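Biologist: Could you take me through this structure slowly, and tell me each time what the words are based on?

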Amino acid sequence: MTKRNAPLRAEGRERPSGKTPAVSLAVKVSVAVTGTMAVMMLLFTWQGYERCRGALSDEVDSLGAALVRSLASVDADSWRSSNGTLAAAAEQVRDQSPQFAVYLQEKFGITVQPVSGSRKRASLPEGFTEQQDRFIAENESVQQRNMNRLQAVTNPLVEGSPVPTEVVDAFILSEGGGECLIRANPDGGTFVTTASERFVKAPDGSRTETQVRQGSIEEIGDVWSYSHPLRDAEGKVTHQAYAFLSTDHIRDTLAGMWTLGFFFAGVVVVAGGIACYLITRFVTAPLKTLVKDVETMKLSSLHKTHVHTDDEIGLLARTMDAMVRRIDHARLSHDQEMADDVGKTLAPDAIPYIPHFHVDVLHRLIPEIGATYYDFLDLPGNRRGFLVAQGSHGGIAAAMTVAAAGALFRSETHTVHDPKELMVRVNDRLHEHLHEDIHVGAVLAVLDPSTGQLMVCNAGSLPVVIHSAKTGEPHTVTPGGSSLGVETGSGFRDTLEIHRYQFAAGDRMVLGSRGMVSLKGAQGELLGEDQWTEIVRSAAAGDAESFQASLRVALGQFVGHAKQDHDLVALTVAVEDTVDFAVQTKVAGNAA
């Protein structure tokens with residue numbers, strides 16, 4: 001089969017690109033919304049983290065400040081490890097027993113200076129041993145009592161606090177740092193400051209005397225140090241009360257909150273992204289349908305959109321439909337004008353006169369179609385050719401193709417005499433230039449008027465109906481080959497057939513386009529081939545002059561006022577009732 005190079009192409013027949021966007025609109029919107037949600041959730045988590053950290057800091061500050069203020073509310077002498085009785089006794093015996101002064105220094109940390117010039121060892125006063133034991137017992141009692149007081153101050157505050165913290169150490173230290181009156185944890189370690197000091201604020205926002213330092217103790221971890229001054233009766237600062245609170249719970253709480261916040265933010269972002277994608281797909285589904293409709297419109301401008309929503313997309317779809325209708329109307333009007341011009345230009349000027357035969361044509365062009373053609377051909381040997389052709393669909397391209405086929409038939413009749421060979425020659429030439437979506441159905445009947453011999457060659461057209469006056473029954477000549485332009489070479493030639501028939505007086509013949517059997521009745525039903533043949537049989541009952549008129553009446557009764565969708569061509573040939581072709585043949589032979 002030869003390759004087509006199709007100069008005759010239908011308008012608007014380019015293929016749609018069919019390419020989908022690399023990233024769909026739903027994905028783009030989902031990514032944008034998900035990214036925005038992720039940023040917002042991070043900001044929300046950070047804000048919650050900062051609020052929680054601030055709230056925990058305030059709670060710890062409140063506890064630490066209350067603790068050191070409670071410690072500072074007790075005077076310094078009450079926090080001393082030894083009582084005044086033991087110190088007074090030491091003063092009484094300092095000149096009598098240097099060894100006792102050494103004992104007091106080593107045992108209780110009380111420094112007693114002997115009187116100047118006293119070098120000799122003095123004897124212990126009477127009853128000193130009993131007094132010493134009493135002093136020791138009283139001192140231990142004071143120490144235990146002060147420790148109990150320290151615990152009595154710290155424990156209720158810690159246990160009643162909403163913050164799960166721990167007091168790792170507490171002590172009373174002199175202002176200069178030289179004297180430690182009491183310490184809750186003697187093995188507490190050394191505190192190392194890691195941040196600048198600040199002052200705890202009162203509820204009204206004013207600064208208090210309580211200082212806060214952030215730092216760490218090597219074997220304990222991160223702690224916050226709180227201090228508050230102890231004043232004497234004159235208001236002078238003599239000592240500082242210190243309390244050290246562990247901040248491990250703050251770190252653990254904030255770490256857990258940060259982890260939970262990230263997890264919650266991730267769940268919200270993922271769920272929100274999926275929901276956004278599904279919602280966006282639902283919202284953009286009409287838009288995707290509209291895009292497909294627009295792609296389809298590239299192939300067929302008569303296509304309508306399938307979007308029927310009441311939103312802006314639906315309005316856009318309806319606007320596009322209206323625009324397409326206006327464009328189609330303008331295009332079809334232009335096509336119809338051109339098709340009419342082509343039809344008028346190529347249509348025969350007049351119906352030929354053939355002795356003993358009545359020839360007539362029913363030709364009706366439907367607006368927006370314009371793809372049917374008929375012609376009368378003069379063939380060698382005084383023969384007459386009757387041609388009916390129609391395109392596979394309507395439009396200016398099909399009309400031009402059918403007109404080109406008619407022109408080829410006219411040009412080839414001068415050199416080709418056989419109807420089958422004529423069909424083959426036209427098909428081969430037409431096949432080289434036809435668009436693959438267009439083909440032409442054609443039927444050619446060749447008549448020898450002198451003998452009444454008829455040859456019919458049908459290539460994809462409506463069956464030819466021949467009514468015999470002798471039998472009173474019609475018979476049909478069905479297509480023996482495919483339509484013109486479908487295939488070429490032996491594939492077309494081998495399927496094409498020539499049917500021969502001998503006309504007799506009163507016989508009738510109709511060559512029609514396929515639009516005849518597609519006629520719509522008043523109820524919308526189609527005429528069909530069987531009913532079309534029956535109409536031809538009934539119309540053939542009259543004389544030759546009235547055959548065409550009877551055919552028109554029968555068709556009009558079937559159609560009524562129904563609107564039709566196809567062009568109509570019915571070329572009729574009626575033989576006179578009195579002709580005798582045997583005599584005509586004899587006369588023609590004598591004349592020769």
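Modeller: Strands here are DSSP runs of E of at least two residues, helices are runs of H or I of at least four residues, and both are numbered from the N terminus. This is a predicted model, in which local features need pLDDT of at least 70 and side-chain atom pairs count only at pLDDT 80 or more, while totals for chains, interfaces and linings use all residues. Residues are numbered from 1 along each chain as its sequence is written, and side-chain values use heavy atoms, with hydrogens and water left out.

Biologist: How do you know that S9 and S10 are paired?

Modeller: Two strands pair if DSSP finds at least two bridges between them. Eight bridges join S9 to S10 (residues 383–391), and the two run antiparallel, so by that rule they count as a pair.

Biologist: What makes S9 and S15 edge strands?

Modeller: The open sheet has five strands in the order S9-S10-S11-S12-S15, with antiparallel pairing. Strand S9 (372–379) and strand S15 (498–502) each have a single partner strand, so one side of each is left without a neighbour in the sheet.

Biologist: Which helices lie against these strands?

Modeller: H7 packs on the sheet and touches S9, S10 and strand S11 (440–448), its direction making about 5° with that of S9. Touching is judged by contact, meaning heavy atoms within 4.5 Å. H8 lies across S11, strand S12 (453–459) and S15, running at about 155° to S11. Such angles run from 0 to 180 degrees between N-to-C directions, and the axes are lines fitted to C-alpha atoms, for helices over the stretch in contact.

Biologist: Why is H7 called oblique to H8?

Modeller: Helix H7 (residues 396–412) and helix H8 (residues 419–431) pack at about 135°, with their axes 10 Å apart. That angle makes H7 oblique to H8, because angles under 35 degrees count as roughly parallel, over 145 as roughly antiparallel, 65 to 115 as roughly perpendicular, and the rest as oblique.

Biologist: What is the handedness of the crossing of H7 and H8?

Modeller: The crossing of H7 and H8 is right-handed. The word is used if the near helix is turned clockwise from the far one by less than a right angle, and left-handed if anticlockwise.

Biologist: Which strands form the other sheet, and in what order?

Modeller: Five strands form an open sheet in the order S8-S17-S16-S13-S14, and the pairing is antiparallel. Within that sheet, strand S16 (residues 508–512) and strand S17 (residues 568–575) pair over five bridges, and Val 510 has Thr 572 in S17 as its bridge partner.

Biologist: Why are H10 and H11 called oblique?

Modeller: H10 and H11 pack at an angle of about 135°, with their axes 8 Å apart, and they are therefore oblique to each other. H10 passes H11 in a right-handed crossing. Their contact residues include Trp 532 and Ile 535 of H10 and Leu 551 and Phe 558 of H11.

Biologist: How many residues of the contact of H10 with H11 are nonpolar, polar and charged?

Modeller: They divide into nine nonpolar, two polar and no charged, where Ala, Val, Leu, Ile, Met, Phe, Trp, Tyr, Cys and Pro count as nonpolar, Asp, Glu, Lys and Arg as charged, and the others, Gly among them, as polar.
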